[in-house]
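Have a look at the sequence and the 3D view, then try each task before you read its solution.

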Amino acid sequence: MADLKSILHSGYQHPVSRSWQAQGRSLTKDMFMYPLFITDDADAEIELTSMPNQRRWGVNKLEGFLGPLVKKGLKSVILFGVPERKPKDVIGTLADDPEGPVISAIKTLRKAFPSLYIACDVCLCEYTSHGHCGILFEDGTIDNMPSIERLAQVAVNYAKAGAHCVAPSDMMDGRIKAIKAGLLKEGLAGRTTLMSYSAKFASGLYGPFRDAVDSTPSFGDRRCYQLPVAARGLARRTIMRDVEEGADIIMVKPGLPYLDIVSEARELAPNHPIAIYQVSGEFAMIHAGAKAGVYELRRMAEETCVSAVRAGATLLLSYFTPEFLDWLDEPYGA
Ligand SMILES: NCc1[nH]cc(CCC(=O)O)c1CC(=O)O
Ligand SMILES: [Zn+2]
Ligand SMILES: [Zn+2]
């Protein structure tokens, strides 16, 4: 016979008692940030073959697409620019082109949806001719100082255009400090969230994204600036450094294979929101598994996101955001 204290089912026998067992918070709509790819063809709406239901959007299509989502409770988006028309160069001039996709989208969205929180990915790889995330020496290695100066300039220009949040994903050394200083100088530091992709690993899960934004490096790879897969110590150091340098939000990326790092981040930055990026490859993988009959799509999307929250995440960047805006209104598996 079971001992008095061996009975655990009694604590989660009912949907209501189950909800009380969530160790952190459970999923809510305001935890989701939706990544959007913005192209410089203003009327475009281009399907992405590698990412189900995701598109490259022209600025003129944003209001129509996002209107219903905002009505359902969409609170935040993160913008990625995809210049297709103007030529890329070695310093990523197109990143903050005043007529470019990101700055146009910021202005359009601020006007169309006054309550929507607008974050911008800050990086150079979508805009450089070589496809790397920084500025290079002649031998093709990263020249860190001009890289962080350029990234700071881009971040400041996004903030000036009205972005609520700038999120550097480049992994250069010292960019959080450089961006913070740039924002301070322009009087923007107090009204611009600095979300750092702090522990960003050199992952095999970015393939569909690189297709989506056309940012595969023309030579080499990103292993000299993105973290080695096994590097728990380096992840702890980048997290601590970015807290020191003034990041407001700490991000871990990718998500599912790095939940231990999320819980490290929770411990190292207990007073900061912790974001997790469920990246393009995870999204594609969840879809592929569902299609192959391994599990049901919604079930696995929820399981992975709930696991991220359990590990300590408080903000989820996910391509499933539109689905969650429906799913969270329709309790499931209760
Ligand atoms: N700095 C580029 C960047 N910003 C966000 C992602 C990944 C997003 C995703 O895969 O969904 C990447 C990919 C990369 O580093 O190659
Ligand atoms: Zn990026
Ligand atoms: Zn990059």
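**Exercise 1.** At what angle do helix α4 and helix α5 pack, and how far apart are their axes?

*Before you start.* This is a predicted model, in which local features need pLDDT of at least 70 and side-chain atom pairs count only at pLDDT 80 or more, while totals for chains, interfaces and linings use all residues. Residues are numbered from 1 along each chain as its sequence is written, and chains are lettered from A and ligands numbered from 1 in the order in which they are written.

*Solution.* 
- Step 1: Find α4 at residues 144–161 and α5 at residues 175–185; helices (H or I, at least four residues) and strands (E, at least two) are DSSP runs, numbered from the N terminus.
- Step 2: The angle is about 45°, and the axes are 8 Å apart. Axes are lines fitted to C-alpha atoms, for helices over the stretch in contact, and angles run from 0 to 180 degrees between N-to-C directions.
- Step 3: α4 and α5 are therefore oblique to each other (under 35 degrees is roughly parallel, over 145 roughly antiparallel, 65 to 115 roughly perpendicular, and the rest oblique).
- Step 4: On the α4 side, the contact includes I148, L151 and A155, and on the α5 side it includes A178, I179 and L183 (contact: C-beta atoms, placed from the backbone, within 7 Å).
- Step 5: By class, this contact has nine nonpolar, two polar and two charged residues. Here Ala, Val, Leu, Ile, Met, Phe, Trp, Tyr, Cys and Pro count as nonpolar, Asp, Glu, Lys and Arg as charged, and the others, Gly among them, as polar.

**Exercise 2.** Which residues in α9 and α10 meet?

*Solution.* 
- Step 1: Locate α9 at residues 280–291 and α10 at residues 297–311.
- Step 2: The two pack at about 145°, with axes 9 Å apart.
- Step 3: I286, H287, G289 and A290 of α9 meet L297, M300, A301 and T304 of α10.
- Step 4: Sorted by class, they give five nonpolar, three polar and no charged residues.

**Exercise 3.** Which residues are joined by a cis peptide bond, and where is N53?

*Solution.* 
- Step 1: The cis bond joins K253 and P254, with omega of about -10°.
- Step 2: P254 sits in the loop between β8 (249–253) and α8 (259–268).
- Step 3: N53 is in the loop between β2 (45–47) and β3 (55–57).
- Step 4: N53 is not a glycine, yet its phi is positive, about 70°.
- Step 5: Most residues other than glycine have a negative phi, and most peptide bonds are trans.

Conventions. Two residues are in contact if their C-beta atoms, placed from the backbone, lie within 7 Å.
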